[in-house]
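Welcome! Please take a look at the structure below, and then let us walk through its inside and its surface together.

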Amino acid sequence: MSSSLFLVLLSSSSYVASLPFIRAEWGLNNTQSGLAFSAYLAGYAASSLFVIPFTDRFRPYVIMLVGIFLTAVSAVLFPLLAEGLWSASALRFLYGVGHVCVYITGIRLASLRFSERGRGLAVGVFVSSGYAGTTVSYVLMGILLDRFESWEPAYLATTLPGLLGVAVTLLLAIERRTVTPSSERTPTMAGWLSLAPLRDRRLMLVIMAYALHTAELFVARLWLPLLLVAALMMTGFDSEAAASRAATLAGFMFMTGIFSVLLGGWMSDRFGRNRTATLIFAVSGICSFLAGWLVGLPIAWLIALGFLYGFFTAADSAIYSTAVTELAPRNLVGSAQAVQSFIGFVVGTGAPVVAGSILDLSGGPSAWILVFSFNGVLAVAGIACLLWLRRIPVSSVTSRSTAQRAD
């Protein structure tokens, strides 16, 4: 299951890595570039409300198969059919629709399959495979941009492994058709979105912390590579060389998230979800406030911070997803995940666009400082949600031992 997610997400960062070439070819400004990027997040958020609740009713592996097929096909079509802002946004929207089916359904299956003691690490394994796909995508795309004369064939090459991921998921769905562990079955089959999770304050605070984590993560993923481009050009690189090297560097920086997600999940199993997430948010927030100030200084400072930034912006990803499956009633896990995905990616969709608008409106040396300080404010808000959560008594819908672990 993790391998199929890795394969289909090898094209997930190809748009960002290709963005300097796409912007020049299509004449996009920073705000339009952010809109095309966020179309993927919008598809993720919108589809979560309509698709994820059906995991309470239908076999999750079927939903995973549909999702990975849509993700792979829309990725292949992007370099073949996209010709401007609107066609690119439509294909990226479909990519997001498919991604949510694979990612959120997989988290649910991993959470239900493993006991409480190892659940955070188990979800971390699956989530880290997603980070592996998205970060290897940066590195792979950076290498391919140096090998091809234009961005389209390089982009297409990163999409082909996703078709193998479809085949892996198909085999998995066929195998699970005859063998389904009781832990992966839900006691009641709702099938439609329930808004009951909105009434649980503890659950909603976890979801809001997740939303702010998502916003911080995607601002970093879109604008840190472009910050590196700007810094490299100041050192004498031309625009094309700076773009390919920045994509490769960003890929290695974000690749540290593969390991930090596992570490974060393991720590949350032993020290509590809330304490671990608060610590991670604090470090990533400090990195955000510092990043913009390093442009113009020796590039080694920004590269060093970038590796730390990539590690900590990813480290808490599995924590919130695990906590949601623990706090939600068993028959409403799908609805709780749908609410989590929708709110998380509505916030996540807007944040990169806001950051692009800040960059367009401010200009000058202070622009990058303002963009990444905005990201730091998101981390501070996330810490506030987690501290508030610690002050609320254990919800009556969860067992005390599970809820305490979510704390």
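This is a predicted model: local features need pLDDT of at least 70, side-chain atom pairs count only at pLDDT 80 or more; totals for chains, interfaces and linings use all residues.

**Cavities inside the protein**

- Let us begin with the count: there are four cavities of 30 Å³ or more.
- The largest cavity holds about 350 Å³ of space.
- Its lining is made up of 25 residues, and those nearest the centre of the largest cavity are Tyr40, His99, Leu217, Phe218 and Arg221.
- Helices H3 (30–51), H5 (85–113), H6 (116–147), H9 (201–234) and H14 (317–327) are the elements that each give two or more residues to this lining.
- Among the contributors, H9 gives the most to the lining of the largest cavity, namely six residues.
- Sorted by class, the lining of the largest cavity has 14 nonpolar residues, nine polar ones and two charged ones.

**A nonpolar patch on the surface**

- Now for the outside: Leu121, Val125, Leu263, Trp266 and Phe271 form a nonpolar patch on the surface.
- Together, the residues of this patch have about 430 Å² of accessible area.
- Helix H6 and helix H11 (257–271) each supply at least two residues of the patch.
- The largest share comes from H11, with three residues of the nonpolar patch.

**A closer look at valine 125**

- You can find valine 125 in helix H6.
- Is valine 125 buried, partly exposed or exposed? Valine 125 counts as partly exposed because its relative accessibility is 40%, and partly exposed covers the range between under 20% (buried) and over 50% (exposed).

Technical notes:
Residues are numbered from 1 along each chain as its sequence is written. Side-chain values use heavy atoms; hydrogens and water are left out. On a 1 Å grid over the protein atoms alone, a cavity is a set of points where a 1.4 Å probe fits but cannot get out, and a pocket is an open set with protein on both sides within 12 Å along at least five of seven lines; lining residues have an atom within 4 Å of a point. Grid points are joined across faces, edges and corners, and a volume is the space filled by probe spheres set on the points. Helices (H or I, at least four residues) and strands (E, at least two) are DSSP runs, numbered from the N terminus. Ala, Val, Leu, Ile, Met, Phe, Trp, Tyr, Cys and Pro count as nonpolar, Asp, Glu, Lys and Arg as charged, and the others, Gly among them, as polar. Patches are made of residues with over 30% relative accessible area and no salt bridge: like charges are joined within 9 Å, nonpolar side chains (Val, Leu, Ile, Met, Phe, Trp, Tyr) within 5 Å. Accessible areas come from the Shrake-Rupley method with a 1.4 Å probe; for residues, only the protein chains shown count as cover. A salt bridge is a side-chain nitrogen of Lys or Arg within 4 Å of a carboxyl oxygen of Asp or Glu. Buried means under 20% relative accessible area, exposed over 50%, partly exposed in between (1.4 Å probe, protein chains only).
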